[in-house]
Amino acid sequence: MPTSTGRSHSPGLSVAASGELSKAEKVQTLGQAERRARELREDLASRGVHPDVMRFCRQELLQDNYFHAVLEAVKSIAAKVRSRTGLDDEGAGLVDRAFSGTPPMLGGASP
């Protein structure tokens with residue numbers, strides 16, 4: 001995850017402000033790990049990442065497991081659609097039912 005300070009977020013890698021990857025020291029102590037996690041949260045917040053991303057994907061992001069972070073983010077969207085509509089559908093069926101119709105069950109801007 002690029003940062004304006006070039007701080008390291010993943011074990012063994014650092015991303016400079018330019019987006020270049022370079023090797024970094026792996027953390028050795030709990031304090032170092034906590035500092036790295038705090039820096040990641042600050043970096044994501046400065047980029048305007050939606051709070052749900054941090055809530056649903058925190059563990060995956062801290063482990064630099066971006067495939068699973070995206071998967072968890074997608075699952076969080078489906079869960080939010082279900083909770084707002086009362087539907088229990090999955091995948092495309094859920095989206096079709098929630099956002100189609102006149103008027104749609106969900107639509108327009110929402111927080």
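Reader: How do the axes of helix H3 and helix H4 cross, and within what distance do they come?

Author: This is a predicted model. In it, the axes of H3 (residues 66-85) and H4 (residues 91-99) cross at roughly 40° and come within 11 Å.

Reader: Why give both an angle and a distance?

Author: Because two packed helices are described by the angle between their axes together with the distance between those axes.

Reader: Roughly parallel or oblique, then?

Author: Oblique. Angles under 35 degrees would count as roughly parallel, and H3 and H4 cross at roughly 40°, so the two helices are oblique to each other.

Reader: And is the crossing left-handed or right-handed?

Author: H3 passes H4 in a left-handed crossing.

Reader: Which residues meet there?

Author: From H3, Ala-78, Val-81, Arg-82 and Thr-85. They meet Leu-94, Ala-98 and Phe-99 in H4. The residues of this contact divide into 5 nonpolar, 1 polar and 1 charged.

Reader: Changing topic. Where is Val-53 found?

Author: Val-53 is in helix H2, which covers residues 51-62.

Reader: Is Val-53 buried or partly exposed?

Author: Val-53 has a relative accessible area of 28%, so it is partly exposed. Buried would need a value under 20%.

Reader: What does Val-53 touch?

Author: Leaving out residues up to four places away in sequence, Val-53 touches Arg-58 and Leu-61.

Reader: How far is Val-53 from Val-74?

Author: Their C-alpha atoms are separated by 9.5 Å, and the two residues are 21 apart along the chain.

Reader: Ok, cores. Which residues make up the largest nonpolar one?

Author: There are 7 residues in it: Leu-40, Leu-44, Met-54, Cys-57, Leu-61, Ala-69 and Ala-73. Helix H1 (30-46), H2 and H3 are the elements that give two or more residues to this core. H2 supplies the largest share, 3 residues.

Reader: What lies apart from it?

Author: Another core, of 6 residues, including Ala-78, Val-81, Leu-87 and Ala-98. Ala-78 and Val-81 in H3 also belong to the contact with H4, as does Ala-98 on the H4 side.

Reader: Last bit, the whole protein. How many helices and strands?

Author: The protein has 4 helices and 2 strands. Along the sequence they follow the pattern β-β-α-α-α-α.

Reader: And what share of the residues count as buried?

Author: 28% of the 111 residues. As for contacts between residues at least 6 apart in sequence, 29% join residues at least 24 apart.

Conventions: Residues are numbered from 1 along each chain as its sequence is written. This is a predicted model: local features need pLDDT of at least 70, side-chain atom pairs count only at pLDDT 80 or more; totals for chains, interfaces and linings use all residues. Side-chain values use heavy atoms; hydrogens and water are left out. Axes are lines fitted to C-alpha atoms, for helices over the stretch in contact, and angles run from 0 to 180 degrees between N-to-C directions. Angles under 35 degrees count as roughly parallel, over 145 as roughly antiparallel, 65 to 115 as roughly perpendicular and the rest as oblique. A crossing is left-handed if the near helix is turned anticlockwise from the far one by less than a right angle, and right-handed if clockwise. Contact means heavy atoms within 4.5 Å. Ala, Val, Leu, Ile, Met, Phe, Trp, Tyr, Cys and Pro count as nonpolar, Asp, Glu, Lys and Arg as charged, and the others, Gly among them, as polar. Buried means under 20% relative accessible area, exposed over 50%, partly exposed in between (1.4 Å probe, protein chains only). A nonpolar core is a set of buried Ala, Val, Leu, Ile, Met, Phe, Trp, Tyr and Cys residues joined through side-chain atoms within 4.5 Å.
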